[in-house]
Amino acid sequence: MPSQSLTLWQTQAAASLDQLESAHRAVGGNLPGRRYATLQINHAYLVLVSSHFQRFCRDLHTEATEQLWIHNPSPRHDMLKINLSLNRQLDTRNPSPSAIGADFGRFNLAFWDVVKQRSPALNQRRQAALETLNKWRNAIAHQDFASHQLNPYALTLHRVRRLRSACDALARRFDAVLATHLATMIGMIPW
């Protein structure tokens, strides 16, 4: 059974992202070729993928924190909850591999190492795709393509779909990694 965070990613976030896919088809059609009217939709689509993935990661971190808090009978369990969430990078930074690793590392977990244990090459490529997503997100959000060495017209629907697919695979993997890790801490599968 997936976490509530993964369920929201696969339902609400997916529906929102699919709406941009529909808008893209309505404006540009389904045939290949450069359609300048779809450029802004591609940019908006990528930023929305990034924001929904950030929300998923933040929600998963919160859900994991709640599970530890619920299953910790210590009178100091409030301190545990506060310390796991205090200055969480996913609250203020992009969902970069470094921010994700730092925040999930608070669970005493070498997060990216564990994520990569199954299918190391594939998950390394997904981590690189996440870096690419953030690079594009920053270029679009700050309208600064030059310093990121990106051509704004190079962001195609196909590229955004590939980056979304990488996030989708990472979301499923993150969910499984955290469930397994928390089970060793609380003695049961948390979701």
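Is Phe174 buried or exposed, and at what relative accessibility? Phe174 counts as buried, at 0% relative accessibility; buried denotes under 20% relative accessible area, exposed over 50% and partly exposed in between, with a 1.4 Å probe and protein chains only.

The model is predicted, with local features requiring pLDDT of at least 70 and side-chain atom pairs counted only at pLDDT 80 or more, whereas totals for chains, interfaces and linings use all residues. Residues are numbered from 1 along each chain as its sequence is written, and side-chain values use heavy atoms, with hydrogens and water left out.

**View A. The largest nonpolar core.** This core (buried Ala, Val, Leu, Ile, Met, Phe, Trp, Tyr and Cys residues joined through side-chain atoms within 4.5 Å) has 47 residues. Those with the most contacts inside it are Phe53, Phe56, Ile100, Phe104, Phe111 and Phe174. At least two residues each are supplied by helix 1 (4-28), helix 2 (39-70), helix 4 (97-105), helix 5 (111-117), helix 6 (120-142) and helix 7 (157-186). Helix 7 provides the largest share, 13 residues. Helices are DSSP runs of H or I with at least four residues, numbered from the N terminus.

**View B. Surroundings of Phe174.** Leaving aside residues up to four places away in sequence, Phe174 touches Phe53, Phe56, Cys57, Leu60, Ile100, Phe111, Trp112 and Val115; contact means heavy atoms within 4.5 Å.

View C. Rings of Phe, Tyr and Trp (its six-membered ring) pair if their centres lie within 6.5 Å; planes under 30 degrees apart count as stacked, over 60 as edge-to-face and the rest as tilted. The whole structure contains 11 aromatic pairs. One of them, Trp9 with Phe56, is tilted, at 6.2 Å centre to centre and 50° between the planes. Trp9 belongs to helix 1 and Phe56 to helix 2, so this pair ties together parts 47 residues apart in sequence. Trp9 is buried at a relative accessible area of 5%, as is Phe56 at 3%. The pair of Phe111 and Phe174 is edge-to-face because the ring centres are 4.9 Å apart and the planes stand at 65°. Phe111 in helix 5 and Phe174 in helix 7 are 63 residues apart, and their pair links distant parts of the chain.

**View D. The kink in helix 1.** A kink of about 35° is centred on Ala14, the bend being the angle between axes fitted to the seven residues ending at a residue and the seven starting there. Buried residues of helix 1 include Trp9, Ala13, Ala14 and Leu17. Their cover includes helix 2 and helix 7.
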